[in-house]
Amino acid sequence: MAGTADDHTVDVVGMWVTADGHIRQELLPDGRYDEARGERRSAYTGRYTVTGSHLDYVDDTGFSATGDIRDGVLHHEHLVLYREEKAP
């Protein structure tokens, strides 16, 4: 879900993690997400779209949520997630 220079869409693909590491949300390039909570892998899965710096989520069970990237941080409903840097 990387954007182009013309649409100013933020590149969100990758792993996003809460400060304590309990919640890990992987945003995949095909518009899917997979969220782990603690030891529970794939606790939530679904699809997402990005418009500018705003994300809309629809879980596979049907509920929806939103998020926004502000200053490189993902604010997803009540969660604050940070991009996990890949090891060199």
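**A walk through an all-strand model**

The accessible surface of the protein comes to about 5,500 Å². Carbon and sulfur atoms account for 50% of that surface. Keep in mind that this is a predicted model.

Start with the overall plan. The protein has eight strands and zero helices. Read from the N terminus, its elements run β-β-β-β-β-β-β-β. The protein has 88 residues, and buried residues make up 34% of them. Now consider contacts between residues at least 6 apart in sequence. Of these, 33% join residues at least 24 apart.

Next, go inside. The largest nonpolar core has 14 residues. Which of them touch the most other members? They are Val12, Leu27, Tyr48, Leu55, Tyr57 and Leu74. S2 (23-27), S4, S5, S6 and S8 (79-83) each supply at least two of its residues.

Now look at the rings. A search of the whole structure finds two aromatic pairs. One of them joins tyrosine 33 and tyrosine 57. Their ring centres are 5.2 Å apart. Their planes stand at 85°, which is over 60 degrees, so the pair is edge-to-face. Where do the two partners sit? Tyrosine 33 lies in strand S3 (residues 32-37), and tyrosine 57 lies in strand S5 (residues 54-59). The pair therefore ties together parts that are 24 residues apart in sequence.

Tyrosine 44 belongs to strand S4 (residues 40-51). Phenylalanine 63 sits in the loop between S5 and strand S6 (64-70). The pair links distant parts of the chain, 19 residues apart. Are these two residues buried or partly exposed? Tyrosine 44 has 29% relative accessibility, so it counts as partly exposed. Phenylalanine 63, at 40%, also counts as partly exposed.

Charged side chains come next. How many salt bridges are there? The count comes to three.

Take glutamate 84 and arginine 24. Their side chains meet in a salt bridge, at 2.9 Å from N to O. Glutamate 84 lies in the segment after S8, while arginine 24 lies in strand S2. The two are 60 residues apart, and the pair links distant parts of the chain. Glutamate 84 is partly exposed, with 36% relative accessibility. Arginine 24 is partly exposed at 29%.

Arginine 32 bridges to aspartate 60, and the closest N and O atoms are 2.8 Å apart. Arginine 32 is in strand S3, and aspartate 60 is in the loop between S5 and S6. This pair therefore ties together parts that are 28 residues apart in sequence. Arginine 32 is partly exposed, with a relative accessible area of 30%. Aspartate 60 is partly exposed at 44%.

One bridge remains to describe. The side chains of arginine 37 and glutamate 35 meet at 2.7 Å, N to O. Arginine 37 is partly exposed, with a relative accessible area of 27%. What about glutamate 35, buried or exposed? Glutamate 35 has 2% relative accessibility. Buried means under 20%, so glutamate 35 counts as buried.

Notes. Residues numbered from 1 in each chain as written. Predicted model: local features only at pLDDT ≥ 70, side-chain atom pairs only at ≥ 80, totals over all residues. Heavy atoms only, no water. Phe/Tyr/Trp six-rings, centres within 6.5 Å; stacked < 30°, edge-to-face > 60°. Helix = DSSP H or I, 4+ residues; strand = E, 2+ residues; numbered from the N terminus. Buried < 20%, exposed > 50% of the residue type's maximum accessible area, 1.4 Å probe, protein only. Core = buried A, V, L, I, M, F, W, Y, C linked by side-chain atoms within 4.5 Å. Salt bridge = Lys/Arg side-chain N within 4 Å of Asp/Glu carboxyl O. Contact = heavy atoms within 4.5 Å. Areas by Shrake-Rupley, 256 points an atom, 1.4 Å probe, with all protein chains shown as cover.
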